[in-house]
Amino acid sequence: MPRDTLAELDDEALLVLYANKDPDAARLLAHRLMPRLVGYAGRLLADRAEAEDIAQETMLRLWKLAPDWRSGEAKVSTWAYRVAQNLCTDRLRLRQRRGAEALDAVAEPASDAATVVAGMIEADRMAALDAALASLPERQRSAVVLRHIEGLTNPEIAEILQIGVEAVESLTARGKRALTLALAGQRAELGYEEAE
Amino acid sequence: MMDDLDALFAQAKAKPMAPSAAVMARVLADAAAHQPQGQAWPAADARPKLGLFAQFAGFFGGAGALAGMASAAMAGLFIGYVQPSSLDLVTGAGAASASLEQVELLPDLSAFLTEE
């Protein structure tokens with residue numbers, strides 16, 4: 001199928017095409033889902049390499065499931081977030097058992113800001129956000145990242161975390177309050193005074 | 001402070017973590033390795049193709065029935081050529097004793113049609 005036509009298809013249609021041997025469907029689907037999965041897992045684990053492993057494992061499960069995908073039951077992206085979430089939970093538990101918190105291994109996002117100084121401030125802001133997120137309990141962190149960074153709706157988050165919509169609202173509200181507190185002390189460091 | 005947080009979220013949203021080229025290559029290699037091979041959907045007619053003899057035998061109800069019919073046909077040909085004398089007794093019995101002159105295939109209805 002021509003690439004232009006493929007680009008208009010939704011994730012599920014691409015998955016069905018992949019299962020039916022379309023050579024381009026996998027590439028397009030991977031380019032749609034991988035940035036979201038790496039971003040999500042990266043913010044949950046605060047480790048870029050681990051996040052990429054999780055994203056790859058999630059995609060591998062998707063490829064294996066493709067021929068048996070039951071359409072209409074769940075969105076492909078929601079399913080992928082849920083798998084990534086479960087894999088992240090396993091990793092975090094493993095870390096807790098090993099007692100190795102890799103908080104200082106926060107990945108610094110690449111910045112193409114106009115000036116070096118501005119770039120550093122922006123990177124610092126992102127690093128501060130990641131550090132603050134890492135200080136939240138796991139469920140709150142997941143809910144906040146999915147709601148405010150990944151931009152998902154509450155019902156979608158409820159499906160991913162397998163909880164009710166009201167519980168999602170409560171998690172995001174508490175998560176945001178805790179983030180605000182964690183960031184309050186870093187206000188000056190983040191450069192907001194400078195910007196205002 | 002909430003506005004700052006929203007600004008941070010917006011900033012994080014605007015700069016998604018791009019997956020490295022290495023991991024994308026691994027993901028696509030996985031996809032190629034696990035992509036279903038061969039016919040994805042079963043062919044519309046998945047029955048095995050039958051040979052000409054099998055189709056012919058099938059028409060008559062299988063090879064056994066065909067063998068029975070072939071035996072009967074051979075027996076008929078054999079009897080026709082050999083003309084056994086005992087058979088002559090059976091087939092010639094009626095014809096030899098009485099000659100048949102007229103066969104009334106449509107019965108005469110005139111007896112029923114006469115008025116009293």
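A residue counts as buried when its relative accessible area is under 20%, as exposed when that value is over 50%, and as partly exposed in between. Keep these cut-offs at hand for the exercises below, and remember that you are looking at a predicted model.

**Exercise 1. Describe the make-up of chain A and of chain B.**

Step 1: Begin with the secondary structure. Chain A has eleven helices and zero strands, and its pattern along the sequence reads α-α-α-α-α-α-α-α-α-α-α. Chain B has six helices and zero strands, running α-α-α-α-α-α from the N terminus.

Step 2: Turn to burial. Of the 196 residues in chain A, 49% are buried. For chain B, with its 116 residues, the buried part is 15%.

Step 3: Chain B exposes about 9,300 Å², with 66% supplied by carbon and sulfur atoms.

Step 4: Finish with the contacts inside chain A.

**Exercise 2. Work out where the model deserves a careful reading.**

Step 1: Take chain A. Its mean pLDDT is 84, and 81% of its residues reach 70 or more. Over residues 106-116 of chain A, however, the pLDDT is below 50; this stretch has 16 contacts in the model beyond near neighbours in sequence.

Step 2: Take chain B. Here the mean pLDDT is 76, with 71% of the residues at 70 or more. Confidence in chain B is highest in helix H2, at 94, and lowest in helix H5 (residues 85-97), at a mean of 63. Residues 39-46 of chain B have a pLDDT below 50, and this stretch makes five contacts beyond near neighbours in sequence.

Step 3: Draw the lesson. Where pLDDT is low, the predicted coordinates should not be read in detail.

**Exercise 3. Show how helices H2 and H3 of chain A meet.**

Step 1: Find the two helices. H2(A) covers residues 11-19 and H3(A) covers residues 25-45; their axes come within 8 Å and cross at roughly 145°. The crossing is left-handed.

Step 2: List the partners. From H2(A) come Asp11(A), Leu14(A), Leu15(A), Leu17(A) and Tyr18(A), and they meet Ala25(A), Ala26(A), Leu28(A), Leu29(A), Arg32(A) and Leu33(A) of H3(A).

Step 3: Sort them by type. The residues of this contact are nine nonpolar, no polar and two charged.

Step 4: Look at the loop between H2 and H3 of chain A, where you will find Lys21(A). Its phi is near 75°, a positive value in a residue other than glycine. Most residues other than glycine have a negative phi. Lys21(A) counts as partly exposed because its relative accessibility is 39%.

**Exercise 4. Decide how covered helix H8 of chain A is, and follow the chain past its end.**

Step 1: Count the buried residues. H8(A), residues 154-161, is mostly covered, since six of its eight residues are buried under the cut-off of 20%. These are Asn154(A), Glu156(A), Ile157(A), Ala158(A), Ile160(A) and Leu161(A).

Step 2: Ask what lies against them. The buried residues of H8(A) pack against H3, H5 (76-98), H7 (138-149) and H9 (165-184) of chain A.

Step 3: Zoom in on Leu161(A). With a relative accessibility of 4%, Leu161(A) counts as buried. Leaving out residues up to four places away in sequence, Leu161(A) touches Tyr40(A), Gln85(A), Arg139(A), Ser142(A), Ala143(A) and Leu171(A). Leu161(A) and Ser142(A) are 19 residues apart along the chain, and their C-alpha atoms are separated by 8.1 Å.

Step 4: Move on to Gln162(A), in the loop between H8 and H9 of chain A. Its phi is near 55°, again a positive value in a residue other than glycine. Gln162(A) counts as exposed because its relative accessibility is 59%.

**Exercise 5. Is Val23(B) buried or exposed, and what does it contact?**

Step 1: Locate Val23(B) in helix H2 (residues 21-34) of chain B.

Step 2: Compare with the cut-off. Val23(B) has 0% relative accessibility, so Val23(B) counts as buried.

Step 3: Name the contacts. Setting aside neighbours within four places in sequence, Val23(B) is in contact with Met34(A), Glu52(A) and Gln56(A).

Key:
Residues numbered from 1 in each chain as written. Chains lettered and ligands numbered in written order. Predicted model: local features only at pLDDT ≥ 70, side-chain atom pairs only at ≥ 80, totals over all residues. Heavy atoms only, no water. Helix = DSSP H or I, 4+ residues; strand = E, 2+ residues; numbered from the N terminus. Buried < 20%, exposed > 50% of the residue type's maximum accessible area, 1.4 Å probe, protein only. Contact = heavy atoms within 4.5 Å. Axes fitted to C-alpha atoms, helices over the stretch in contact; angles between N-to-C directions. Left-handed = near helix turned anticlockwise from the far one by under 90°. Nonpolar A, V, L, I, M, F, W, Y, C, P; charged D, E, K, R; others polar. pLDDT = per-residue confidence, 0-100. Areas by Shrake-Rupley, 256 points an atom, 1.4 Å probe, with all protein chains shown as cover.
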